[in-house]
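The sequence and the structure come next.

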Amino acid sequence: MKFQRIQDLRIDSDLSQRQIGEILHISQRTYSHYETGSRDIPVEMLIRIADYYNISLDYLVGRSDRKEKPE
């Protein structure tokens, strides 16, 4: 499954795959696989990505169009 939103968030933040990989403590190659959907993203990594961008997991995985985290 391709996660277009992680790519969009990265680009909107003016980050390269290498930079976000360093932030998340993973390689650029691993992050690239996540963006293309050639590798599933572990739940723990989805949480890290959502926390970094301060967005909800539902938005990140396409279950909602609301970026805000629930209170």
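The model discussed here is predicted.

## Helix H1

Helix H1 spans residues 4-12, and its buried residues are Arg5, Ile6, Leu9 and Arg10. Viewed down the axis of H1, these buried residues fall within an arc of 135°, so they line one face of the helix.

## Helix H4

The buried residues in H4 are Met45, Leu46, Ile49, Ala50 and Tyr53. Around the axis they cover an arc of only 135°, which puts them on the same side of H4. The face turned away from that buried side carries Val43 and Glu44, both exposed.

Among the elements covering the buried residues of H4 are H1, H2, H3 and H5. Just after H4 comes asparagine 54, with a positive phi of about 55°.

## The nonpolar core

The largest nonpolar core has 18 residues, and those touching the most other members are Ile6, Tyr31, Ile49 and Leu60. At least two residues of this core come from each of H1, H2, H3, H4 and H5. H4 supplies the largest share, five residues.

Which residues does isoleucine 49 touch, if those up to four places away in sequence are not counted? They are Ile6, Leu24, Tyr31 and Leu60. Of these, Ile6, Tyr31 and Leu60 are named with Ile49 among the core residues that touch the most other members.

## Tyrosine 53

Tyrosine 53 is in helix H4. Its relative accessibility is 13%, so it counts as buried, the cut-off for buried being under 20%.

Tyrosine 53 and leucine 9 are 44 residues apart in sequence, while their C-alpha atoms are 7.7 Å apart in space. Leaving aside neighbours within four places in sequence, tyrosine 53 is in contact with Leu9, Arg10, Ser13, Leu15 and Ile20. Leu9 and Arg10 are also among the buried residues of H1.

## Isoleucine 41

Not counting residues up to four places away in sequence, isoleucine 41 touches Phe3, Ile6, Tyr34 and Leu46. Ile6 is one of the buried residues of H1, and Leu46 is one of those of H4. The C-alpha atoms of isoleucine 41 and tyrosine 31 are separated by 9.0 Å, with the two residues 10 apart along the chain.

## The surface patch

Which residues form a nonpolar patch on the surface? They are Val43, Ile47 and Leu57, which together have about 240 Å² of accessible area. Val43 is also one of the exposed residues on the face of H4 turned away from its buried side.

Leucine 57 has its place in helix H5. With a relative accessibility of 36%, leucine 57 counts as partly exposed, since exposed requires over 50% and buried under 20%.

Notes. Residues numbered from 1 in each chain as written. Predicted model: local features only at pLDDT ≥ 70, side-chain atom pairs only at ≥ 80, totals over all residues. Heavy atoms only, no water. Buried < 20%, exposed > 50% of the residue type's maximum accessible area, 1.4 Å probe, protein only. Helix = DSSP H or I, 4+ residues; strand = E, 2+ residues; numbered from the N terminus. Arc of directions from axis to C-beta. Core = buried A, V, L, I, M, F, W, Y, C linked by side-chain atoms within 4.5 Å. Contact = heavy atoms within 4.5 Å. Patch = residues over 30% accessible without salt bridge, like charges linked within 9 Å, V, L, I, M, F, W, Y side chains within 5 Å. Areas by Shrake-Rupley, 256 points an atom, 1.4 Å probe, with all protein chains shown as cover. Salt bridge = Lys/Arg side-chain N within 4 Å of Asp/Glu carboxyl O.
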